[in-house]
Each structure stands twice: as structure tokens, then as C-alpha cells.
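Okay, thanks for having me, everyone. Let me put the structure up on the screen and walk you through a few spots.

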Amino acid sequence: MLQVVVVLVLVAAAVVALVLQARYDSTQEARNRSLAVAETFAEAPGTREALAAPDPTAVLQPRAEAAREATGVDFIVVTDPDGIRYTHPLPDRIGKKFVGNIEPALAGEPVTEEIDGTIGRLVQAVVPVQEPDGTVVGLVSAGITTEHVGGAADRQLPLVLVAAAVGLAVATAGTALVSRRLLRQTHGLGPREMTRMYEHHDAVLHAVREGVLIIDGEGALLLANDEARRLLDLPEDAEGRHVRELGLDPATAELLASGRVATDEVRLVKDRLLAINQRPTDVAGGPAGSVATLRDSTELRALSGRAEVARERLDMLYAAGVGIGTSLDVTRTAEELTELVVPRFADFVTVDLFDAVLAGEQPEAGPELRRTAFGGIRRDPPLYPVGRRIRFVPSSPQARSLRTGRAILEPRLNAAPGWQAQDLERSAQVLEYGIHSLITAPLRAGSLVLGLANFWRSRKPEPFDAEDLALAEELVARAAVSIDNARRYTREHTMAVTLQRSLLPRSLPEQNALDVAYRYLPARAGVGGDWFDVLPLSGARVALVVGDVVGHGLHAAATMGRLRTAVHNFSALDLAPDELLTLLDEMVARIDQHEAEEGGSAPVTGATCLYAIYDPVSRHCAIARAGHPPPALVRPDGVVEFPEVPAGPPLGLGGLPFESADLEVAEGSRLVLYTDGLVEDRGRDIDVGLDLLREALGGAGPSPEDTCRAVVDARLPARPSDDIALIVARCRALGPDRVAAWDVPCDPAAVAEVRSSVTRRLADWGLEDLAFTTELILSELVTNAIRYGGAPIRVRVVRDRSLICEVFDGSSTAPHLRYAAMTDEGGRGLFLVAQLAERWGTRYLPSGKVIWAEQPLP
């Protein structure tokens, strides 16, 4: 009855504990699993970048569903900071409000809660997705219904009850039966059966192929089978003696005497490697002592050693596949080969390449190479240094390898007269240093031989063998592909850089309106399409232009050249900034149309441009931009501002007109134009970049060169991903002492007064030598304005790098140069002006036009 009561109490306790534990485990497991899945998904690579993508659902929905099926949760939901779902197992729930408490997660803390969700009673966790600065850019929630992790108690309870019934029956019926049965079995065994059982166990003990030792608690050997005697070379009277007295090595004897647990501990016993396993015998109430088994692993260790060598070589080949060619730099790729094989395969490695390969060109066969890379366990071997040009003699293994295109093995350099003939003195130094074996292998990419890789051994006494030669060929073959890729990239990059440099201005034109400094910093990834220019215009004005073509490579550089040429041509028309951008926009649209008709895949659409015209006489600056970042203006007192310039669309889009902003600029102000690579970054908003630029400009010196230096030092990233073009122009002004202007009435008699006034002003300027030609030019231009133009008429003379004569009138009709016939009475005036002036032309104003002519100063 006592046993029955005990069983019933245990059953009841088990059932209660099962139910309570199952309920607790269900909820706790749901919390832990949902929190772990949510945190793992939130921190997974690409989650934060996907939230910033144009369509997060397209990127995150398949990932969330794959993660949900893999982890066993009921849902993984990604939302924006407002709780709007990007993902859901039910697609119709995407875009709707998330159900749950997201406030702690928006504060940066994960939260776990039990709610009645859209799929039933569930436990869900909500964790934030944060930028490195702590900004929460999204939320990830994972949840699981309690019924999916619960129910264990319901499934196990019938089994517990059945087991209880069986246990109760066994307990009540087996108490007497087991005792009597065991007693009967023990005492029913006779001496013959006991002897037979002992003989059988003894035969098995001595027949096994593992040594067996039984040692008592005092360390004395009780039994040793035949295999143990053979492996340990035990004496005949070993049994009964202490293990320390059997002539074993101290480490093995100490292990056997200690009786401690041991698993496959390898001991060197004489010339055998023995794997020893030992267990105590008193664990289950047995007598004190231990049992040790011995297994001979000498052959296994030899096989495992060879397998380890093979595994190491496979690992090295794999490392070569992923570790060589991480950059597109020829020299760096060669250095990666040396870093990989030292000291795992060779003690010293040198890589020799043709000069053409380093320049990105296709190499031509020849015996002369340049040492490009070196790696070794020490830095002072007497080998040729990096940068040395080496001409290999025909008998050297390097020359033979270049001729045959196959790797050459020189196992013993002291017995290699062909190698020693390369440089007798240096060869002796190499041998004295301890280098004794060499493998030289050609770097081949298809039919091209790019150079040689030389593997030297010194520390390991064994020379290179045929297996090492095969491994060296594999390593060099993989490295040669990467070096050839780097060579091809170098060639294309050099071509693109050459094209880009040829299209950018090599020097700035001479002018007095602006003091200009600039910087052009190409991207590390490739050649881009950023460009700039400074263009002198009529009337002592100067145009500044900065542009950016989307993309990198030859196409971007060529497109940049087309746009720069177009701006040069359009600027010669003396157009306003908005009109020039309109013409440039139409040109880009035509280029894109032609690209589409010809099947091109790189349209120009997306190019940006900013065009500014500064007039040093009026100190006004007209600016227009097409999708380009706004200019910065540094006032003479150091205040930095970004003027409000209407932002037109990028070039080629069309549809919207461009607008100009007219700024009055104080003398000494600095106008800063730049491309987006200076202020934009993938991980930073443009407003942050503009604030940083403002800070850099505020601390810069007064000169344009100081400003460029300060901005580049403060804003240039370590590895710029985009080109950067920067122009800083300090504005100058032409004072009243260098400008003279007169209003002219619409009366032919006023021409004489204009000539007299101009002659007096030229005398004041010390330019009497130009008085005659200037009178002729102004007489013709003013007469034409009075006869064919309209009021108001005004004359202006500017003394700059040249003498500029300008005649303003209210008519928009421009005169044209023509050759008058012998019988014509007129038509020779503009021809005379063109002959006397260095340059002349017409520019239009909102209320008329200006005809100007320039004469060089003496």
C-alpha cells in the first residue's frame, strides 16, 4: 500500500508539474523565439538598406516570408516608424496599421507583449531598426500564437496516465516477483555454468584487438590482456605489480596510476602512438579502480597527417580564390599572392612582371621583368629588391619558364649551375643566407605570359617536391587571372582618365573680374563626369560653370566633354544663364533620342549643371541651375549663405522652364560652386552635407586657394565614391575710374560730342594711341544705333585687360556684317569695325541690345 501511495503521489505531482510547466514554457518559448527572430531579422545585413530603398516591400517581403518559414514563427512584419506594414504573411494586410505597442521600440528598446492579433491570441516582439547614430528607421515584429508552442501538456497527459497505470501495476505485482526471481537465478547457477561463463569472458578479453588493463584503487595492475602486453611490452609478472614499476614512460604510468577519466589521449610509447581511454570502475558501486583500453594509432596518425596536408592545400587554394584579386590594382594583386603563401607554403615569394603589365598594356615576350612584390618571413634576404629591373640569363630557371610557359622546380639551388649563372655573387649570398630550394612559375592568362612568381624555401630543410610544384602552378594560375583583370582595368582606367583630363581645362583663362581657385578630385572607383569651366564674356564679364554627368567610365567622360564643348559654344552667344541651360537641355534630349535609336544603354538624362555670370561693373551675378546643388556665397565678413536659386530639372528631362536668380555681390565676396560629391553621401542627408560645408567655409582663409584647401581637408572622404569639382571665385569690382558712360540723344549731331568725350577720357587713362580707332568704332556704332535702333541710346567705355566699347539701344534688331559692292554707298561700317577691333559682337538685354567691340591695350 505504501508503494501504491508513493506512485499515486508521484503521478499527481507529475501531472500538476507538467501542466504548470507546459503553460509557462509555452509563453516563455513564444516570447524568446519571437524576440530572437525579430532581433535577428532587424540586424540582418541589408535590412537597414532595404528600408531606405524606393520599394521596401519588394525587397523585404520575400526575406520575411523565408525567415518566417525557417524559424517557425507565425509572422514577421516590417513597418516604418509610423507602424505602416511593409511585410505580412497575408499580402492584403500590407500597408495597414500594425497592431501592438510600438512606443518602446521607437525609443530604441525592444518590447514583448501578449495581444489578440489578426491571427488569434499571440505573443509578439517589436524591435527597432537603427542607423549607426541611433535613429530608428523602421520596426521589425515577430510573433507566434500560443497554441503553436503550447499543447505539450495535452499531448503528454494521456501518456503520463497510462505510464502511471502501468507503473502502479508493476509496482504492486513486481515487488515480490523480482526479488524471488533474482534470488532464484543467482542461486540456481552451478559451478560448471560459472566456470563456462568465466572462460568465455576470458577468451573474449584476450581475443579483442585493443589492449585492456584493469587497475585497482592502489594503482596495482590486476589484469592485462595479450594485446595490452604486446603494445606496452609488459613483463611476464606484470600482474600484481604497481604500474609505475612496469617500465612505462612516466607520462603513461602517471595516467594509468591516477585512474582519471581519459578519452583518446595519445601517448608515444617506444615507437608506437597509443590512444588511451580510461574509466573508473566505482561509478555504479563497483570496486575501486579503473579500466584502460589501448589502441595502436600509428598508421592512422600517418594517414591523418597526409590528409591534413591535403586539407591545408585545399584551404590555401580556396583562400587564393577569395583573397587574391580583391582590388583592381596590379601591384596590390601581386602583393596579395605573397601574403597568402608566406609562411604556409614558402618562406619567401617574389613576383616579377613586365613593365607593360604594370602600365595596363599587353606584354611582349622578353627576358627583362620588374620585381613588383615581395613577401617573406624576414625582410632582409639577399634577393633582388622590389622595383629592380631584372634581365634573366637564358640558363636561369626563370628564363626557361618564360620560354616554355611551364613551372620549373629547382629542388637544390646549390646544385643548379643555371640559376647560379644569373648572378654569381648574389647567388652565393642567397645560399649562405639559407635559401636552398626554388619553384618558379609563369603567370599566364590564356596565351599571355604576364610575368613570374618565385617561391623560395629556407627554414624547412626538405626541398620542394612534385606535389609542391603542382600546388604552386594552381596558386599562380588563380593569381594570373586576377592580375590580368587588374591589367585590363588599369588600361581602361588610364584611357578614361586621359580622356577626362584632356577634356577638363588645363589652365584658367586670364580675366580681371574673378580671382579663381579650383580643385578636381576623381573618385577611387573610376572616372566620373564632373566638370567645370571659367569663360570670359564680353563687357569684362566672366561665366562660371559646374556640371555633373551621372555614372562613371568612358561614356561619362565623353559625355562630359560634349556638354563642356556645348557650353563653350552657347556662351559665345552671350545668352542669359536660363536661356543657355534651355539650349543645353534640348541638346541633351536630342543626344538621348539618338542613343535610344541606336540601341544605346547609357542615356545622358540625369546630368546637372550650374551656370553663373558675374559682371564686375555692376557687381551683379546671374545664376541658373539644372538639378545641381545650390552655390554658396561667403560674404566679406565671413558669413556663409546659400542663395535661393530656383532649382530646375536635370538636363534632358524637359517640360519645365529654367529660372535665373540675380544676386548683388559685394567686392571681396567668395562664390563657391561644387558638385554633389562634396556634400552628398549614401549614409547622410544633403542638408547635413550643406551644414558641414557651411562650417568648413566659415573657418577658411580669405583667399580662394585657402578656401579650397580648407574645404577639401574638412570634407574630402577617405575613399570618395564620386568625383568632386570645386571652384572658389573671389569677386572683384571695376571702379568708376575704369568705366565711363554717356547718354546719347537720337540726333546725328550727338556723334561728334561722343567722340570728344571719349577722346578726353582716353587721354585721362593714358590711352591716346587708341583715340583714333576708338573714335571710328564709336562713330559707326552710335550712328547705326541712331539710324536703325531706338531710344534710349547709351555709350559705355570700360578699361579692363582690353579697351571695351559698348553701345546700348532699345532695338532688338542686330546688325550683320556684309561686304559692300563697289557701287554701294553704305554697308562698310561694320566691316571697318571688324577690321579695327580685336573682337566684336552683340548681346541682348531684356529691353534692347548691346553692340560691343574690344581693342587690345598697348
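What you see is a predicted model, where local features need pLDDT of at least 70 and side-chain atom pairs count only at pLDDT 80 or more, while totals for chains, interfaces and linings use all residues. Residues are numbered from 1 along each chain as its sequence is written, and side-chain values use heavy atoms, with hydrogens and water left out.

Let's begin with the prolines. Pro343 sits in the loop between α11 (330-341) and β10 (348-353). The peptide bond that joins Val342 to Pro343 is cis, with omega about 0 degrees. There's another cis bond between Ala791 and Pro792, and here omega is about -5 degrees. Pro792 belongs to the loop between α22 (771-788) and β28 (793-799).

Now, two loop residues with positive phi. Asp574, in the loop between α17 (554-571) and α18 (577-597), has phi near 60 degrees, and it isn't a glycine. Is Asp574 buried or exposed? Its relative accessible area is 11%, so it counts as buried; the cut-offs are under 20% for buried, over 50% for exposed, and partly exposed in between, using a 1.4 Å probe and protein chains only. Then there's Arg619, in the loop between β19 (608-615) and β20 (620-626). Arg619 isn't a glycine either, and its phi is about 55 degrees. At 28% relative accessibility, Arg619 is partly exposed.

Next stop, strand β9 (residues 289-296), where you'll find Ala292. Ala292 is buried, at a relative accessible area of 0%. What does Ala292 touch, leaving out residues up to four places away in sequence? The list is Gly211, Val212, Leu213, Leu256, Asn277 and Gln278, where a contact means heavy atoms within 4.5 Å. Glu210 is 82 residues from Ala292 along the chain, and their C-alpha atoms are 9.9 Å apart.

Last, the cores. By nonpolar core I mean a set of buried Ala, Val, Leu, Ile, Met, Phe, Trp, Tyr and Cys residues joined through side-chain atoms within 4.5 Å. The largest one has 53 residues, and Leu514, Leu584 and Tyr611 touch the most other members. Apart from that core lies another, of 45 residues, including Ala334, Leu448, Leu452 and Ala480. Going back to Leu584, its contacts beyond four places in sequence are Leu563, Ala566, Val567, Phe570, Cys609 and Leu651.

Definitions and conventions
Helices (H or I, at least four residues) and strands (E, at least two) are DSSP runs, numbered from the N terminus.
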